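Here is a short briefing for a first look. Keep the sequence and the 3D view at hand.

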Amino acid sequence: MKARRPRMLTLSAKESLILELLVEGGELYGLQLVGASKRRLKRGTVYVTLGRMEEKGYISSRLEDAPADVGGMPRRLYEPTALGRRVLAAWTSASTHLMPEFAR
Amino acid sequence: MTRTGERLREFAARWCCADTMTAVIDPLIADVQHEHESAIQAGQVWRSRRLLVAAWYVFVKVLAICLWADARPSRWSDADRKAVVRALAVTAAVMVVVTAVLEIPPLMVLTKNSRVDSSLLFRLVLTLVPQALTLAVTIGATLGIAIGVGRRTIARRVAGALIVVALAASMASFVNVAWIVPAANQAFRVGVSRALGLPGEPPKGVPELTLEEIRGEMDRVDRYDRSAGPFRPWPADASTFDGYAHSLALSYYERWAIAFSPVFFSLFALSIGGRSAVRRWTLAAAASAGLFSYYMFTYGARTLVFRGSLPASVAAWFPNVLLAALAVLLTVRRSRVSVWHVPAR
């Protein structure tokens, strides 16, 4: 049986932005991420990106307790995983090293 | 009274798999609900309405992205891939067989003529292929889906992929009937005319006119004033003016309808497929019955057009519309029995 090759870890610009916001802000909802990104994230694509990041293992999520005062479905809170933090750190380090003029 | 987003969620649940609902749709709707309720509680009525409009737009965008992602072949199961490959293989095989069978009658007539040598015979048979393909594509798509998909439950992404292929086949068929078939027909007539030693080139009849040429002739017929004198120039293959007018209109609308018939037949074949209690060859027989009835309707409707009892556009499109209605009816009936479902990832 062939040994499986490890999956290449990739990080798009949107994913790195989301990870940065989660590392800074702690647990956040999808729309809170959109607000915190100062319009760099869009309402439509943020949920698709968050779903993809969760599949990759960069973030984890949990349902909040059902809100008593507002009602409706429980919202999903997102936070970075240890793998996500390491990938972000590696990405930031590589960016700084390769393109210091674009590093933040 | 339903809460904001509940209907959207119900709609999405019919199309998206459980993982997409959990990971993408539910968080979106939950956030939208919270935002909307907060705006209402704060007395910001107009903001709450703007949020609803924005939520609809965002929902449609997200649903389109998820359906596109789910439709990619890399997300399909092995069974899905096999069903599509089998459907396409059967379609191709049926197209080849139907084309060959349709070539036999003119081939038998041409081989009896001693003036037609083998190289001319080959060229003449080639010119008949585009016309045969017009029928072969529709028959192939119908039987390909009915036999290829067979009794297995059809995933929506498989059905979507097959409909996209049928749409592409319809586009190709449209190019074929609009321009290639008329040119090939005329090439056939010129080839036979030269083989028989007849002088000059035979004039084009209605089947040899392109779509634009037919439209131009239809406009000429519409502008004709009977009190101004005879209709000039008189068309080569017309016996009466009214017969010519009906023939033009039928040819024009039928080309459109037949070109897009693969899509309607694919919908029909998908609606009869996926029934585990029915054998594959029974499905093929049902599909064949559908094809036979379609062409019988078409020929029957033509008679009514020439009698002046039915507009050509209605006669040409009625079989397609009937087929689509039948497909919708069969699909709705089956969805009530919960046979057609989206398999979870």
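Which residue forms a salt bridge with B:Arg302? The partner is B:Glu254, with the closest N and O atoms 2.7 Å apart. A salt bridge here is a side-chain nitrogen of Lys or Arg within 4 Å of a carboxyl oxygen of Asp or Glu.

This is a predicted model: local features need pLDDT of at least 70, side-chain atom pairs count only at pLDDT 80 or more, and totals for chains, interfaces and linings use all residues. Residues are numbered from 1 along each chain as its sequence is written, chains are lettered from A and ligands numbered from 1 in the order written, and side-chain values use heavy atoms, without hydrogens and water.

- B:Arg302 lies in helix 10 (residues 280-306) of chain B and B:Glu254 in helix 8 (residues 241-259) of chain B, so the pair ties together parts 48 residues apart in sequence. Helices (H or I, at least four residues) and strands (E, at least two) are DSSP runs, numbered from the N terminus.
- B:Glu254 is buried, at 9% relative accessible area. Buried means under 20%, exposed over 50%, and partly exposed in between (1.4 Å probe, protein chains only).
- B:Arg302 is partly exposed, at 25%.

**Salt bridges in chain A**
- A:Glu15 and A:Arg52 form a salt bridge, their closest N and O atoms being 3.5 Å apart.
- A:Glu15 is buried at 1% relative accessibility, whereas A:Arg52 is partly exposed at 38%.
- A network of salt bridges links A:Glu15, A:Arg52 and A:Lys56.

**A covered strand**
- In strand 2 (residues 76-80) of chain A, four of the five residues are buried.
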